[in-house]
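Here are my notes on this model. Please keep the structure open as you read.

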Amino acid sequence: MAPQGKVYRGSVKDFPGFDANQDAEALYNAMKGFGSDKEAILDLITSRSNKQRVEICQAYKSLYGKDLIADLKYELTGKFERLIVSLMRPPAYGDAKEIKDAISGIGTDEKCLIEILASRTNQEIHDLVAAYKDAYQRDLEADIVGDTSGHFKKMLVVLLQGAREEDDVVSEDLVEQDAKDLLEAGELKWGTDEAQFIYILGRRSRQHLRLVFDEYLKIAGKPIERSIRGELSGDFEKLMLAVVKCIRSKAEYFAERLYKAMKGLGTRDNTLIRIMVSRSEIDMLDIREVFRTKYEKSLYNMIKEDTSGEYKKALLKLCGGDDDAAGEFFPEAAQVAYRMWELSAVKVELRGTVQPAGDFNDDADAQVLRKAMKGLGTDEGAIIEVVTKRSNAQRQQILKAYKAHYGRDLMADLKSELSGSLAKLILGLMLTPAQYDAKQLRKAVEGAGTDESVLIEIMATRNNQEIRAINEAYQEAYHKSLEDDLSSDTSGHFKRILVSLALGNRDEGPENLTQAHEDAKVVAETLKLADVSSNDSGDSLETRFLSILCTRSYPHLRRVFQEFIKMTNHDVEHAIKKRMSGDVRDAFVAIVRSVKNKPAFFADKLYKSMKGAGTDERTLTRIMISRTEIDLFNIRGEFIDLFDKSLHHMIEKDTSGDYRKALLVLCGGED
């Protein structure tokens, strides 16, 4: 049952009209004779609460003088047996068994230790310690100390005390002090003061730490997770990241663990079973909601695709429903979305990875480039060294110096000497940002077919100044207006979106709370999520919706989207995906993602350009060129946060030769 005043968020509830003796008899009959009725066993056990299952075990012993768990182990096999037997244990004893298995024998399952100890409440930890003592006549702390080492061991011992503060009253002064202490213990210190991280993250209350993380983002200009990745390492780093994730949202943490347990080849069944069993009566509905929102597919469907037989049927019963079929968006997912919008409002310094070269000499660089292309063969390494390590403004000076010195067009020489992906990258770097964007847009609209994804990426992410510069460069290069080409090559609402963005007239002022509330109403009505008293026709509403997304300032739109969540309990991106389609949907989603977190938008596009078989080199090249002097450093940070691997590593693995060498220089480092 849920604590008083709280809504129950488990997927498994007490079975109405429960009779322990009757259920014990049904299970006995299902296992009697040759073979066993697995369907009957899974139907009964997955539809009873843990408390009721414990009573069934006692009734079974009284009626038949036998141990129900032992009989289930004998009759069932494999993953299905592990799942059913896990459901029969009280939660604390289930956790105790998982930890005992994690530290027994050769090697340690650190991921299991981290998951359990980082996510349990004080009371759950106390119950676990007592259950371990009762089941194995051993001291859990002593066993963990004997099986782990270093700072990882110290943090596990702190968590094992179950002494996290639980006071909801938060001191603003202490929040600021803790954020400052964490910054000084890591980013501002030569070496890292791990003890400070252990003390603050291991003892402070959840409410307090959430505010500390917000304050840390403000003063450090990066989330605490990124600092932990940079300052800590190994299992200690993984443990601290798990603690932070659980403080922010346990449902999100477990959704991510479940997704990783099933994605790719093979399934991590131990993880899948442990989470599905342990959260089925706590927060499975919340986990499902976050899973659906974050991964754009339901937990139910992923289990269905990734498992089989009675094991699958039992897991699906514990899951409790298919959110793809329901198509709903619930409070926990809304809370996660709202928090993301709050974080997006915090100003973070944007940093590129390519800086102006010190002691720059345009004549000397022009000579190096000429020498690299003169005679037989081409010195690609020398070209990469110069072009990738100069700012765009310096490259423009080199172009002029080359012309003055040799009476030749450097762009033409580079084009004749280089080929393939490297040529496209180097030539793109030699154009001004506006010239490069104009060229990409021109390619997207000329010839048969239109590359809508390029139009969306550029038009949805550039600021007013960049858009105006692109318009000028486009007119100069192609003697046509960008607006005319967009109008002739697209149609309907998609055309209206692009033309509106091409004007470069987005507001640049702060949020207006009163206006934001009214704008949120329009967005809600357009997406059919609220009834708003309005005489507007459907077309008029759509026009206003388009105007809001294409002309309101970023700070104002962040407030609009927060108001939208309060008003509808939906995230605007999720709602757009659900209720729109095609290029219009993709354009609006790109705008929303750009408003929320532009570096994360580009990190996602870079990841998709390299994941799976083959590489989308056009997208990879375009983003690496266009973001090197704006926010590629931030994109790198978002990349590793989102995908648990560095941009540098993925480029290194997915590309080759001189093209890879040049991309890695632009990337600017391994995270």
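1. A residue is called buried when its relative accessible area is under 20%. By that cut-off, 51% of the 671 residues in the chain are buried. Bear in mind that this is a predicted model.

2. Next, the overall build. The chain has 41 helices and zero strands. Its C-alpha trace spans about 100 × 65 × 60 Å along the principal axes. Take the contacts with a separation of 6 or more: 73% of them join residues 24 or more positions apart.

3. Now the surface. The accessible surface of the chain is about 30,600 Å². Carbon and sulfur atoms supply 48% of that area.

4. Helix α5 deserves a look. This helix covers residues 78-88, and eight of its 11 residues are buried. Among them are Phe 80, Leu 83, Ile 84 and Leu 87. Glu 81 and Ser 86 are on the buried list too. What do the buried residues of α5 pack against? Their partners are α2 (38-46), α3 (50-64), α4 (68-75), α17 and α20 (309-319).

5. Then charge. The chain carries 99 positive and 112 negative side chains. The centres of the two sets lie 2 Å apart.

6. Find the patch of positive charge on the surface. Lys 111, Lys 238, Lys 263, Arg 268 and Lys 611 gather there. One of these, Lys 263, sits in the loop between α16 (250-262) and α17 (269-278). Is Lys 263 buried or partly exposed? Lys 263 counts as partly exposed because its relative accessibility is 41%, and the partly exposed class runs between under 20% for buried and over 50% for exposed.

Terms used: Residues are numbered from 1 along each chain as its sequence is written. This is a predicted model: local features need pLDDT of at least 70, side-chain atom pairs count only at pLDDT 80 or more; totals for chains, interfaces and linings use all residues. Side-chain values use heavy atoms; hydrogens and water are left out. Patches are made of residues with over 30% relative accessible area and no salt bridge: like charges are joined within 9 Å, nonpolar side chains (Val, Leu, Ile, Met, Phe, Trp, Tyr) within 5 Å. Accessible areas come from the Shrake-Rupley method with a 1.4 Å probe; for residues, only the protein chains shown count as cover. A salt bridge is a side-chain nitrogen of Lys or Arg within 4 Å of a carboxyl oxygen of Asp or Glu. Lys and Arg count as positive and Asp and Glu as negative; His and the chain ends are not counted. The place of a charge is taken as NZ of Lys, CZ of Arg, CG of Asp or CD of Glu. Helices (H or I, at least four residues) and strands (E, at least two) are DSSP runs, numbered from the N terminus. Buried means under 20% relative accessible area, exposed over 50%, partly exposed in between (1.4 Å probe, protein chains only). Contact means heavy atoms within 4.5 Å.
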